[in-house]
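Welcome, and please have your viewer ready. We will go from stop to stop, selecting a few residues each time and looking at what is there.

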Amino acid sequence: MVEMNGNMLVKCEPNNEEAELLNSLVANGDDHLQQDLRFLCLCKLKVSEDTLTLLEAQQIDIDCLRKMRIEDVDVLFDGKPLGPKIIFREAFLEWREEIGLPCKSIRSLSCLKRSCNSYDPQMENPLKYHLQTPPQPWDDFSLQPQALLQEREVAQQDNLAISYRSFQWPMTPSTLKDVLNSTPMGRSIMAMGCLGGLGKSLQYQLTAIIIDYHMEYEAKITTPQLENYAYCITTLLPHENSLTYHIPRGPNRRNPGGSLYSRFINQKISKKALAIGNSIATTYLRSRILCQPTTRELCTQQQRQRNAVMSSVGGVSKKFGDLVGSIDEGTSSARFLLFRAETAEVVCFHQKEIRLICPQEGWVEQDPNEILAVVYECIERTLEKLRELGGNPETDIVAIGVTNQRETTIVWDRTTGEPLYNAIVWQDMRTSSTVDQLLETVPNKTKNKNYLKPLCGLPLSPYFSAVKLRWLIDNVPKVKAAIRGGNCLFGTVDTWLIWNLTGGPDGGAHVTDVSNASRTMLMNIETLEYDNVLKKFFGVPAEILPQIRSSSEVYGLIKFKPLRDIPLAGCLGDQQSALVGQECLTRGRAKATYGTGCFLLYNTGTAMIDSYHGLISTVAYQMGPDALPVYALEGSVAVAGAALGWLRDNLNLLAGASESETAALEVENNGDVYFVPAFSGLYAPYWDPEARGVICGITEDTQRGHIVRAALEAVCFQVRDILDAMNNDSGTPLLKLKVDGGMTANATMMQWQADLIGLDVLKPKFVETTALGAAMVAGRAVGKWDIENVSVESDSTVYKPQISENERDVRYKRWKMAIERSVGWDKCP
């Protein structure tokens with residue numbers, strides 16, 4: 001413990017560089033504090049000049065900074081842009097944690113902000129005045145349990161109960177530390193240092209504190225939340241037996257207790273504990289309602305009042321309230337949409353197609369600069385529409401999210417920002433020979449394509465980014481030279497967009513999120529970090545790889561002028577984004593997206609399931625840096641909507657994809673025609689790059705309608721293939737399937753899909769689910785979208801099966817016969 005200025009005790013590490021710097025600054029006296037503040041802000045915290053000017057205007061020096069808490073930051077940036085506030089807050093908390101300063105909240109400031117008696121807005125420097133009032137020293141407490149209970153009762157009687165709204169949500173170990181340090185009871189628990197040292201009374205108090213904290217935000221406790229609390233407890237307070245932590249009581253001490261198993265066992269929790277947790281929460285909520293409105297209710301009432309008069313920032317009215325932007329960059333087009341936060345209403349959008357370049361058979365490329373230019377154009381056109389509607393982009397938009405075509409690989413020069421080669425699109429099959437070469441390096445010459453699956457969850461396939469990157473290193477001299485010169489950067493489309501939007505060569509953020517990184521074959525699916533074995537296997541240097549971040553956090557501020565200084569705060573691969581947009585946020589829920597390809601994702605919760613039936617394990621999302629990752633099983637269909645494009649462009653059977661439904665209805669049935677569109681091989685569950693397309697059952701009576709219908713049914717049959725594999729892997733058959741994507745506009749096809757899988761198919765009336773998912777995680781990162789508690793699920797059109805099980809099985813058997821004729825075709829002599 002080091003005493004500073006004679007009135008505040010601060011925890012410092014003696015060898016910590018920042019602690020020594022701070023101590024030296026304090027020792028130099030107040031004359032140097034303002035000059036040193038500039039050095040600290042610009043060099044260490046890396047905040048903007050505007051933020052530094054704001055600090056200086058409030059006469060904030062380093063002595064004040066070391067006393068500031070979260071609420072002080074809110075006061076400091078009241079009425080200021082949200083982006084600089086978030087950047088300062090993150091850097092400020094990180095700095096304080098590094099130098100050993102406590103980050104607990106000051107309750108008195110919340111009262112200060114809400115009480116006109118204690119906070120005078122006309123005061124010249126209210127924040128400076130508040131910070132100059134020294135807090136009380138931290139004392140160690142060793143009260144007896146009875147004394148702790150008495151203190152709690154006295155505090156409640158005096159209406160001094162802690163408001164946990166001022167702490168971070170959801171809980172992390174550091175948040176739990178701050179929560180405990182905010183009360184004498186909590187400090188007693190902290191003083192014990194481990195769970196084994198807590199008596200029953202302190203265990204009661206620990207449980208009560210956590211559920212008090214929880215009830216400030218939610219009325220029920222879910223399994224992942226209980227798992228997270230167990231993780232926070234066992235991380236902050238180690239236990240000699242780390243396998244189990246027992247919660248003996250809740251706030252109602254007549255309720256029996258239960259056991260909460262930490263995620264260190266197998267990420268499972270007993271049903272009994274979950275039921276008790278929900279019972280405790282409900283009882284506690286009712287008791288609170290009988291006394292007074294909860295903080296959550298008050299916030300809801302205030303939100304309704306704000307919505308009634310339109311929200312405002314700094315006195316500027318927002319016609320549509322807070323807006324969250326979503327960049328949706330797909331294979332065939334890019335879009336930019338603006339959503340109203342938490343209602344998911346689309347205010348305006350713009351979309352433009354992107355060219356596909358096919359220099360050889362099986363090669364599919366795109367121009368990275370064209371991708372970027374189309375995204376910029378979509379943003380500019382959308383903002384023009386917003387202005388025409390009476391909105392103001394500078395004040396209305398609070399965050400931007402990105403969703404993108406996955407696996408597509410881009411390499412570029414870090415100094416010039418110029419691409420070193422065209423983007424190799426996920427559909428590209430040029431790397432089949434590269435896969436063969438890599439299989440030769442598998443130990444014992446087994447050529448096992450699943451050799452790396454235990455590390456990355458993926459089979460060795462031309463589909464994934466690491467194989468494409470290996471091809472670029474081997475075959476493109478500019479890439480090889482850039483790597484030798486230390487100027488090469490690699491990324492999927494999300495990384496390319498984020499890097500350019502946040503500054504490009506001038507300090508752009510070279511990052512990706514876990515959902516996209518999980519598709520590269522370079523990230524360990526359990527640690528969420530690049531794996532040395534995987535990097536060595538593919539021969540990829542670590543210095544070209546983007547930093548892996550969570551799906552919902554601020555990656556940086558946008559430098560692109562129309563959106564300047566707006567936080568770029570969310571990122572998801574397109575299929576994971578659709579999973580979030582469809583609100584498949586609990587284990588056992590699944591969705592299918594029908595686009596150029598077709599992709600099914602099945603949420604498996606925080607447990608990763610290894611597939612033995614041809615599916616892949618992937619990361620669905622991670623809601624914040626401290627959150628547990630959520631996993632999914634995925635099945636991919638290479639050719640869905642692309643088959644209709646082939647019928648249009650190569651056979652001239654269609655004028656456009658929209659004509660497919662009319663053409664298919666020209667015939668009464670499929671005429672026993674089956675079409676396997678394996679133009680570049682088959683994906684899940686077959687994973688055969690040598691498969692090729694076949695049309696079986698053609699007779700002299702076959703018409704255009706039969707072939708079009710066979711193309712549509714081919715998508716439905718492949719979805720049946722994947723659903724059967726998912727049911728076998730998960731052990732829990734689906735009861736319904738949520739769908740989205742462009743092909744779902746074909747109502748006849750959706751009916752056929754229900755018929756061929758024997759399940760209800762639900763198509764939401766709101767179709768922009770992929771873009772919505774990215775907006776939701778971005779809004780969540782800046783506190784503007786409550787994903788867990790505010791549902792945006794819209795009404796759905798339900799398609800029910802209308803054929804017999806026998807007919808379904810007969811037709812599926814025919815499909816399997818067609819698959820047998822397609823598999824391995826390219827290996828034939």
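Before the tour, one term: two strands count as paired if DSSP finds at least two bridges between them. Keep in mind as well that this is a predicted model.

**The whole chain**

Start with everything shown as a cartoon. The chain has 829 residues, of which 56% are buried. Its secondary structure comes to 31 helices and 27 strands. Among contacts between residues at least 6 apart in sequence, 71% join residues at least 24 apart.

**Stop one: a sheet of 7 strands**

Colour the strands β21, β22, β20, β19, β25, β26 and β27, which in that order form an open sheet with mixed pairing. At the edges you will find β21 (616–621) and β27 (796–799), each pairing on one side only. Going from one strand to the next, the twist averages 30°.

Now zoom in on one end. Select residues 760–764, strand β26, together with β27: the two pair in the antiparallel sense over 4 bridges. Which residue of β27 is the bridge partner of Lys 763? Look for Thr 797, which takes that place in β27. As a general point, strands of a sheet pair through backbone hydrogen bonds, either parallel or antiparallel.

**Stop two: a sheet of 6 strands**

Move on to a second open sheet, with the order β9-β8-β7-β11-β18-β17 and again mixed pairing. Strands β9 (346–353) and β17 stand at its edges with a single partner strand each, so one side of each has no neighbour in the sheet. Neighbouring strands here are turned by 25° against each other on average, direction ignored.

Select 323–329 and 333–340 to see β7 and β8, which run antiparallel and are joined by 7 bridges. Within this pair, Val 324 has Phe 339 of β8 as its bridge partner.

Look for Gly 556, which stands opposite Leu 568 in β18.

- Helix α16 (residues 368–388) lies across β7, β8, β9 and β11 (397–404), and runs at about 150° to β9.
- Helix α25 (residues 574–581) lies across β11 and β18, at about 100° to β18.

**Stop three: Ala 774**

Select Ala 774, which you will find in helix α30 (residues 769–781). Is Ala 774 buried or exposed? Its relative accessibility is 0%, so it counts as buried. Leaving aside residues up to four places away in sequence, Ala 774 touches Ser 326, Gly 401, Val 402, Thr 403 and Ser 577.

**Stop four: helix α22**

Show residues 493–501, helix α22, and pick out Thr 495. All 9 of the 9 residues of this helix are buried, so α22 is largely enclosed by the rest of the structure. Among them are Trp 496, Trp 499 and Asn 500.

Thr 495 has 0% relative accessibility and therefore counts as buried. Its side chain reaches the backbone oxygen of Val 511 at 3.0 Å. Apart from residues up to four places away in sequence, Thr 495 touches Trp 412, Phe 490, His 510, Val 511, Thr 512 and Pro 546. Just past the end of α22, select Gly 503, which takes a positive phi of about 135°.

**Last stop: two helices side by side**

Finish with α10 (residues 173–181) and α11 (residues 184–192), which pack at an angle of about 125° with their axes 6 Å apart. The two helices are therefore oblique to each other. To see the contact, select Lys 177, Leu 180 and Asn 181 of α10, then Gly 186, Arg 187, Ile 189 and Met 190 of α11. By class, this contact has 3 nonpolar, 2 polar and 2 charged residues.

Definitions and conventions
Residues are numbered from 1 along each chain as its sequence is written. This is a predicted model: local features need pLDDT of at least 70, side-chain atom pairs count only at pLDDT 80 or more; totals for chains, interfaces and linings use all residues. Side-chain values use heavy atoms; hydrogens and water are left out. Axes are lines fitted to C-alpha atoms, for helices over the stretch in contact, and angles run from 0 to 180 degrees between N-to-C directions. Angles under 35 degrees count as roughly parallel, over 145 as roughly antiparallel, 65 to 115 as roughly perpendicular and the rest as oblique. Contact means heavy atoms within 4.5 Å. Ala, Val, Leu, Ile, Met, Phe, Trp, Tyr, Cys and Pro count as nonpolar, Asp, Glu, Lys and Arg as charged, and the others, Gly among them, as polar. Buried means under 20% relative accessible area, exposed over 50%, partly exposed in between (1.4 Å probe, protein chains only). A polar contact is a pair of N or O atoms within 3.5 Å; within protein, one must be able to donate a hydrogen and the other to accept it, and residues adjacent in sequence count only if both atoms are side-chain atoms.
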